[in-house]
Amino acid sequence: MLLALLVLWPLMQIAEFRPSDLFDARNLEVMGGFLGQFFPPNMSGDFLAYALKATIETLAMATAGIALAMLLALPLGLVLTHSLSVSRIGPGSGRGAGEAVRAAARATLLILRGIPELVWALLLVRAFGLGPAAGVLAIALTYGGMLGKVYSEILESGDTRPARVLLESGSGRLMAFFYGLLPGAGQELASYTIYRWECAVRASVIMGFVGAGGLGQLMDQSMKMLNGGEVSTILIIFLLLVLLADALSVFLRKLLA
Amino acid sequence: MSFELDRIGLIHSNGQAQGQRALRAVSISAARGERLAIIGPSGAGKTTLLRILATSIRPTEGRVSVLGTNPWQLSSRELRRLRSGVGFIHQAPPIPPRQRVITAVIAGRLGQWPWWKSALSLIYPADIAGPREQLARLDLADRLFDRCDRLSGGQLQRVGVARVLYQRPDLLLADEPVSAMDPALADLTVGQLHAEAQSRGVTLVASLHAVDIALRWFPRVIGLKAGELVFDLPPAKVSESVLRDLYASETGVLPSQDNQPFHASFEGYATDDTPGGSGQVPLAPPRVI
């Protein structure tokens, strides 16, 4: 305990973490005023209309982003999956080429998810200007990288024999996936994708702060104006969105069971 | 020539068994329409031999020819076509538990159907009568639309057999195809495999744990022990002493269908008919030994 404090103290100093600041009289006053405005939330029709429009924009950004991400992730994930490799059986001819393609796919996914969506958004805002288009593409790129990697891991972690046996009787890769792997992995793939959609909703909020539109941009404005009522309304909307994602996930799992 | 193995050897190159020898200098060949049983103690290399014939593993020594070609010299497209003509019945049916029986059977034709037909069959089966017919041969037609996790082990094994029958392969391989079935169903299933091989004149190779099934049904019996070929004889010449030698390392009791002590002295051997298959299927009733 003492040792931990000894090690942590200098680190906290470097990070300018000074708990005493929290209790400084002036800071307390500003914070208190801001937090005090949180209640009641701003429920005026005007603001709710704004918030609704921003919510739809955020949802659209997240959904379109995830849809594009899936388009990117499915082929790359399938290429990466060892149990769908025909050349590994035997091993047969073309194994070297197969490994090369897999390495290229792995590198692509690494680059895509290695760059945070916020950085992609900042880069793309330069290209597309302010607005949701940059956010959609940023989500598609980063989340495509994440989904592709996790898809192939989910496919690899289940029972891969059915797919291998189909390949051994002459089936193509894609059909070996549909007939051999999807029945066992479908539920998990769907719920992971929904979870990523939920993350994309949050990410699109953050990207709003850098000018990609949606709830984030609205919140940025409210924060700058220290309008606590508006901020708390937006926070309530966030919670509702996460609940919605949860319900959707449960519903899809039931549907696939 | 349906297949030809010339001094095949296999040393495992990866996995747990790395460096272990599974087969040594095995030479077997079969003409089209022959029906062979492979027997031997567990670990003798029966499954490995079948998988080499199925082109799913490549031997480290010797030469393979399957359906007239060396599979490991083919382009990937030609190899895929060859594989779609080889059917393999696995001991543990490789079927996802959530799949419906009809989908599992249809999967036998994935190598022959164009991809769009296979894809549409995921939504609505392109052929219902065909799978139903194959399941009916194995007394399972009523389970056509059930999910596979509702089936018992023996039923699932028969779904695996129906899939390969539906595939209509030119070389029919079976690895312990009836290990989870009771004697009556085992006889029904082995009988249907023989009927299929004879009616279409295709080659059947089955590894069997139960010596009595091998001797009763198959015109040619191959003994495998510790990766080496011990004998290749018609069943009438497989004497009890030959079998005792083959299973010497096991408990002393010869393995048979229902784990009863087995004596290799009964009539009703499979008849050695000419390759091409004009002989009758020996429809012996299930023997209680």
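Which residues of H5(A) are buried? They are Ala105(A), Leu109(A), Leu112(A) and Arg113(A). The model is predicted.

**Helix H5 of chain A**
- H5(A) runs over residues 95–114, which makes 20 residues.
- At 1.5 Å a residue, H5(A) should span 28 Å, and its end C-alpha atoms are 28 Å apart, so the two values agree.
- Its buried residues are Ala105(A), Leu109(A), Leu112(A) and Arg113(A).
- They cover an arc of only 85 degrees around the axis, so they sit on the same side of H5(A).
- An α-helix has 3.6 residues a turn, so residues three or four places apart point the same way.
- The buried residues of H5(A) pack against helix H4 (45–80) and helix H7 (132–157) of chain A.
- The face turned away from the buried side carries exposed residues, among them Gly96(A), Ala100(A), Ala107(A) and Ile111(A).

**Where H4 meets H10 in chain A**
- The axes of H4(A) and H10(A) (residues 214–224) come within 6 Å and cross at roughly 135 degrees.
- The two helices are therefore oblique to each other.
- H4(A) contributes residues including Tyr50(A), Glu57(A) and Met61(A) to the contact, while H10(A) contributes Gly214(A), Leu215(A) and Leu218(A).
- By class, this contact has six nonpolar, three polar and one charged residues.

**Chain A against chain B**
- In chain A, 23 residues are in contact with 29 residues of chain B.
- Helices H8 (161–168) and H9 (173–212) of chain A each supply at least two residues of chain A's side.
- H9(A) gives the most, with seven residues.
- Chain A's side has 11 nonpolar, 10 polar and two charged residues.

Conventions: Residues numbered from 1 in each chain as written. Chains lettered and ligands numbered in written order. Predicted model: local features only at pLDDT ≥ 70, side-chain atom pairs only at ≥ 80, totals over all residues. Contact = placed C-beta atoms within 7 Å. Helix = DSSP H or I, 4+ residues; strand = E, 2+ residues; numbered from the N terminus. Nonpolar A, V, L, I, M, F, W, Y, C, P; charged D, E, K, R; others polar. Expected span 1.5 Å × (residues − 1). Buried ≥ 20, exposed ≤ 12 C-beta atoms within 10 Å, placed from the backbone. Arc of directions from axis to C-beta. Axes fitted to C-alpha atoms, helices over the stretch in contact; angles between N-to-C directions. Parallel < 35°, antiparallel > 145°, perpendicular 65-115°, else oblique.
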